[in-house]
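The structure comes first, then the notes.

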Amino acid sequence: MSKKKLSNAELINEASTSDNANPSNYRKPAESWAEIWKEWPKCTFCILSNEFCERFSYYGMRTVLTLYFLNVLQFTDRTATICFQSFVIACYFLPLFGSVLADGYIGKFWTIVILSLLYTLGQITLAAASAFTTTSFYHPWLDLLGLGVIALGTGGIKPCVSPFGGDQFEPHQTRMISLFFSAFYFIINCGAMLSSIVSPLFRAHSCLGHDSCYPLAFGVPAALMITATAVFMVGSKWYKKNPPSSNIFSDVLFVVRKALQNKKTSLKTHSHWVEYSLDDHDCDKDEECKKWKRRAGSTESCFRAAFVADVRSFLRILVMFLPLPMFFALYDQQGSKWTIQALHMDLRIFGETIILPDQMLSLNAVLILIFIPLFQVIIFPAVEKVAKVTPLRKMVCGGLLTVVAFCIAAVVQIKINDSLPERITPDTSHLYTVNTLRNCQFIINSHEPFEDEIMKFPSGEHTFEFGYVGDGCVKNLPISLKTTLKSGQGYGLILTEQGVLFTPVEFRKPTGGNGESAQSFLIALANFTFSDNMALCRVDSSASPCSNKDASHYIEYSGYTSSHTNSDLTAQIPYVTKSGLSVHKASLFRQKSVRLGKWKLYFIGAKNGQVFYEDTGYGFRNKDQGGVYLKTIVGGTGIQDEVRVISKRLIPDNTVSILWQFPQIAVLTAGECLFAITGNEFAYSQAAPSMRALVQAIWLTTSAAGNLIIVVIEVLDLFSDMAWEFFVYAVIMFIVMMIFAAQSACYEYNDYSKRAVGDDCLESKELTG
């Protein structure tokens with residue numbers, strides 16, 4: 001009696017609903033903790049240890065990366081953001097390469113080993129590059145080379161390590177597999193949390209004559225990556241190393257290409273276009289189908305039809321993934337935009353104890369470890385009593401929480417903007433004034449500037465008319481000054497006993513991330529042009545006064561050297577007087593970052609080959625952060641005479657406490673628990689076993705796509721105000737979540753828990769041959 005031939009649709013249905021598992025393949029899983037420990041593959045501890053070291057290495061480097069771009073490579077905020085997000089794009093796009101390499105060519109083990117070695121080389125390269133001075137020829141190409149190799153390494157091993165750990169278990173050890181992945185995720189967050197706490201501390205330490213120590217901040221992660229690779233290879237003898245099978249990417253492309261080709265000539269109609277790939281398939285003659293029938297114990301099932309069903313499922317998931325990049329466009333700004341925001345906040349929590357801006361990233365990892373059990377044990381069961389909790393509903397709620405987080409960030413940024421330098425519009429210049437004379441009013445163009453006033457002028461040629469009122473005004477002061485103002489430049493007009501000084505001034509807020517203010521010095525001594533060195537020495541530290549061994553307690557302003565290199569003396573400016581320009585000049589030293597504490601100013605001299613420090617008598621307590629100050633030194637005719645210092649604040653101090661970032665980080669982390677973690681679970685549970693590697697790789701790629709959105713927006717330079725930028729991101733995310741909610745309402749969940757045991761062979765069969 002001939003067997004009825006099934007249609008393509010019937011084959012698809014049979015393949016996706018078969019539950020004829022062969023009972024002979026069943027083994028009782030371990031239940032007690034004693035049984036679990038006995039059966040547990042001990043080599044997985046090498047994998048878990050490897051993951052901890054690798055995550056510590058990655059997040060330790062990434063945590064300080066934005067500040068490295070700003071301070072060592074001297075990038076602007078926008079360029080630093082573009083470089084940071086581009087690095088993240090590479091890290092989350094290259095898992096596709098790692099997955100293809102592992103599944104189709106050399107297997108997971110050798111993929112992890114080879115790319116880990118490259119990863120280590122990249123970390124060492126970046127650490128070595130960071131040891132060079134900011135003006136070195138090796139910047140930035142050597143840094144970017146190291147980051148590129150790191151991205152190849154971490155991205156390539158990302159889709160391999162956890163599945164390789166899962167391969168060490170038998171299929172029936174479901175509870176043990178679940179425990180392994182729980183431990184794996186916990187290890188990831190432990191590594192991320194610890195590294196994001198300690199790496200900023202390494203970075204804030206002074207070394208090699210610099211105020212910060214990026215070689216240490218990058219060197220420790222490099223050492224951890226060496227350890228990670230070594231620990232992983234220790235277990236090589238005991239690993240279960242499955243050989244590479246088919247390339248799932250090629251398999252899917254084969255089915256799609258076949259379906260599109262057959263659709264052009266087919267006279268049949270199908271419920272889904274991908275089913276056209278089965279039009280010329282004969283299940284009874286296909287060797288793979290015959291093998292699959294024997295393993296599954298079913299004469300009705302079809303191997304290729306089952307795979308086509310899986311491709312249909314994959315395409316449905318792919319459609320659900322389309323809105324997801326927007327979440328990562330917001331989430332991954334923690335390491336760039338939110339770190340830059342923290343730079344402009346008051347880092348003090350009490351006294352002079354501060355939280356470093358890049359340490360705020362550790363709050364996310366800490367809260368993750370708290371929120372996961374909170375949601376799983378309390379919140380989800382409570383909500384389940386009044387409404388059905390599904391993965392997609394949780395993701396929608398997580399996306400909406402992300403909207404709230406960015407609204408909070410925007411409100412915080414509005415307040416921060418009050419302490420930021422006012423942006424100079426095109427064809428405009430800013431003018432700051434400093435009056436060092438007692439009992440003398442300084443009038444410019446019939447206007448007496450008030451304290452902290454910024455005068456705005458169009459760029460181009462100007463003639464300033466001066467007036468003076470008071471008993472303290474000297475006779476030789478000029479009545480006018482003709483000069484040219486450049487677009488986008490800030491200038492200072494300084495009134496002294498020797499005359500009026502006109503000079504460009506720096507008004508860039510400090511970006512060191514150590515809770516500092518920026519201090520520049522103008523030396524305007526009577527009848528004397530100062531060209532020597534001077535130093536700010538911290539006097540409330542345990543170190544000896546003016547010990548140049550610790551750059552965090554000793555800041556030297558170098559005058560002219562014989563080679564005219566490495567000088568901090570940016571200009572020597574003649575005094576403008578009634579009779580013309582003076583012979584003697586004032587010396588302007590570049591802006592430098594000064595940490596919190598009590599400081600004193602010393603002139604540095606040399607006598608009989610010995611360096612000595614001459615106390616100027618001027619000291620101050622730096623108790624605020626983020627401000628930009630110009631300190632004008634006036635007085636005697638030399639460094640031996642008494643001097644007077646007039647401090648002018650050009651840019652306000654940071655006034656918004658960094659603790660105000662806590663709400664936005666907490667809300668975003670809650671959104672991550674609902675969106676990112678649930679999304680990863682959704683990607684795994686809704687993907688057919690044959691598609692899980694591909695779906696996981698696509699899931700990681702959505703993060704790369706999200707970071708690409710950030711890069712495009714930054715390149716287009718659409719926003720000058722970060723507060724408005726955060727609001728726009730929130731609005732777009734809200735719209736995207738409404739679209740995603742509509743998609744979710746129409747989505748029908750897959751259930752692969754009853755799939756036949758034989759179906760697992762779909763993961764290792766070649767379709768294109």
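C537 and C546 form a disulfide, with their sulfur atoms 2.0 Å apart. The S-S torsion of this pair is about 95 degrees, so the bond is right-handed. C537 and C546 are buried.

The count for this predicted model comes to three disulfides. They are listed here.

| Disulfide | S to S | S-S torsion |
|---|---|---|
| C207 and C213 | 2.0 Å | about 95 degrees |
| C440 and C473 | 2.0 Å | about 105 degrees |
| C537 and C546 | 2.0 Å | about 95 degrees |

With bonded cysteines counted along the chain, the pattern is 1-2, 3-4, 5-6.

At 7% relative accessibility, C673 counts as buried.

Back to the bonded pairs. C207 and C213 are both buried. So are both C440 and C473. The torsion of C440 and C473 makes that disulfide right-handed. This pair links distant parts of the chain, 33 residues apart: C440 lies in the loop between β3 and β4, C473 in the loop between β6 and β7.

Now the helices. The axes of α3 (residues 44–63) and α7 (residues 141–167) come within 11 Å and cross at roughly 150 degrees. The two helices are therefore roughly antiparallel. The crossing is left-handed. Contact residues include I47, Y58 and M61 of α3, and L147, I157 and F164 of α7. The contact residues divide into eight nonpolar, four polar and four charged.

Notes: Residues numbered from 1 in each chain as written. Predicted model: local features only at pLDDT ≥ 70, side-chain atom pairs only at ≥ 80, totals over all residues. Heavy atoms only, no water. Axes fitted to C-alpha atoms, helices over the stretch in contact; angles between N-to-C directions. Helix = DSSP H or I, 4+ residues; strand = E, 2+ residues; numbered from the N terminus. Parallel < 35°, antiparallel > 145°, perpendicular 65-115°, else oblique. Left-handed = near helix turned anticlockwise from the far one by under 90°. Contact = heavy atoms within 4.5 Å. Nonpolar A, V, L, I, M, F, W, Y, C, P; charged D, E, K, R; others polar. Disulfide = S-S within 2.5 Å. Buried < 20%, exposed > 50% of the residue type's maximum accessible area, 1.4 Å probe, protein only.
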